[in-house]
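Subject: A structure for you to look through

Dear colleague,

Here is the structure I promised to hand over, and below it you will find what turned up when I went through it. Please keep it open beside you while you read.

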Amino acid sequence: METGTIVLFVVVGFFGLGSAVLGFIAEGTKLTRGDIEVSMTKCIYPANPAFALGLVAAILLLVAQIIVSAVTGCCGCCKPRGGGFSGSKRTIGVVFSVLSWIAAAIAELYFVQGAAWNAPVTREAVEGCYYAKNGVFRRAAILSIIATVLGIKSYLLLRAAAAPGAVLGTSAEGEPKHDGIAMGHPVAPVYGQSPYGHYPPPPAQGYGHYPPQPAQGYGHFPPAAPSQQHAQAV
């Protein structure tokens, strides 16, 4: 594993898991019904650590998501320069990146909502005093872990997809194709075999297609008649 990948794991894991830890701590320190003071028509919310913990947890999770998205390049939608790009790995990586942002967005809403109801303020008691229900910070912490894991997984997939020589699919012959790399081995033509494959070989040289020349001499003429002077004996 490369040094850059290890550094990314450490940094993103620190922010993402740190956000989850603060969320679990905030869950245990948030205001309960008995902590809220009621004075006439006002609800007095005392200061407590859950307010600051929720805000810091939301900031840490957002920083972790921004780092992963910046390293992978626009959540995997921007193709890095150089190298091939495997379609299947890239698609899965983009899906993981989108799911990571969805989980992070929901976690941010839980963090902000929990922090808002634990802020040290005084509110009007119109229909009673409201407070954060149990589990709001816990759900946010769990979603923070899920978002961090999905973000790191998307980085690994997109990085593997963008590696040089990444497989792009299969050719018509069933062999894997690589971007920018020629597959197969050159084959020298066999002696006596046409180098043009399915094209017919060129015609033979000479006059093989013409009829042969007639034999030389006078073989086609009848033999001459015997001389008259030899017809009778002397």
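Among the elements of the protein chain, H2 has the highest mean pLDDT, at 93, while strand E4, residues 167–170, has the lowest, at 47. These values belong to a predicted model, and pLDDT is the predictor's confidence in each residue, on a scale from 0 to 100. For the protein chain the mean is 76, and 62% of the residues reach 70 or more. Please read two stretches with particular care: over residues 80–84 the pLDDT stays under 50, although the model has 14 contacts there beyond four places in sequence, and over residues 178–182 the pLDDT is also below 50, with 10 contacts in the model beyond near neighbours in sequence.

As for the overall layout, the protein chain has four helices and five strands, which follow one another along the sequence in the pattern α-β-β-α-α-β-α-β-β. Of its 234 residues, 29% count as buried. The chain exposes about 16000 Å², and carbon and sulfur atoms supply 66% of that area. If you take the contacts between residues at least 6 apart in sequence, 77% of them join residues at least 24 apart.

Where do the buried nonpolar residues come together? As a general point, nonpolar side chains in soluble globular proteins tend to be buried together. In this model the largest nonpolar core has 18 residues, and the members that touch the most others are Leu-22, Ala-26, Leu-61, Ala-107, Phe-111, Phe-137 and Ala-147. The elements that give two or more residues to this core are helix H1 (3–29), helix H2 (49–72), helix H3 (87–116) and helix H4 (136–161), and H2 gives the most, with six residues.

Not counting residues up to four places away in sequence, Thr-5 touches Tyr-155, Leu-156 and Arg-159. Tyr-155, in turn, is found in helix H4 and is also buried, with a relative accessible area of 9%. Beyond four places in sequence, Tyr-155 touches Thr-5, Leu-8, Phe-9, Val-71 and Thr-72. The C-alpha atoms of Tyr-155 and Phe-9 are separated by 10.0 Å, although these two residues are 146 residues apart along the chain.

How many aromatic pairs are there? The count comes to two. Phe-14 and Phe-15 form a pair that is edge-to-face, with 5.4 Å from centre to centre and 75 degrees between the planes; Phe-14 counts as exposed because its relative accessibility is 57%, which is over the 50% cut-off. The pair of Trp-117 and Tyr-130 is tilted, at 6.0 Å centre to centre and with 50 degrees between the planes. This pair links distant parts of the chain, 13 residues apart, since Trp-117 lies in the loop between H3 and strand E3 (122–124), and Tyr-130 in the loop between E3 and H4. Trp-117 is partly exposed, with a relative accessible area of 27%, and Tyr-130 also counts as partly exposed, at 43%.

Charged side chains lie over aromatic rings as well. The charged end of Arg-123 sits over the ring of Tyr-45, 4.6 Å from its centre, and Arg-139 lies over the face of Tyr-110, at 5.0 Å from the ring centre.

Met-40 lies in the loop between strand E1 (37–39) and strand E2 (42–44), and it is exposed, with a relative accessible area of 79%.

With best wishes

Key:
Residues numbered from 1 in each chain as written. Predicted model: local features only at pLDDT ≥ 70, side-chain atom pairs only at ≥ 80, totals over all residues. Heavy atoms only, no water. Buried < 20%, exposed > 50% of the residue type's maximum accessible area, 1.4 Å probe, protein only. Contact = heavy atoms within 4.5 Å. Areas by Shrake-Rupley, 256 points an atom, 1.4 Å probe, with all protein chains shown as cover. Core = buried A, V, L, I, M, F, W, Y, C linked by side-chain atoms within 4.5 Å. Phe/Tyr/Trp six-rings, centres within 6.5 Å; stacked < 30°, edge-to-face > 60°. Lys NZ or Arg CZ within 6 Å of the ring centre and 35° of its normal.
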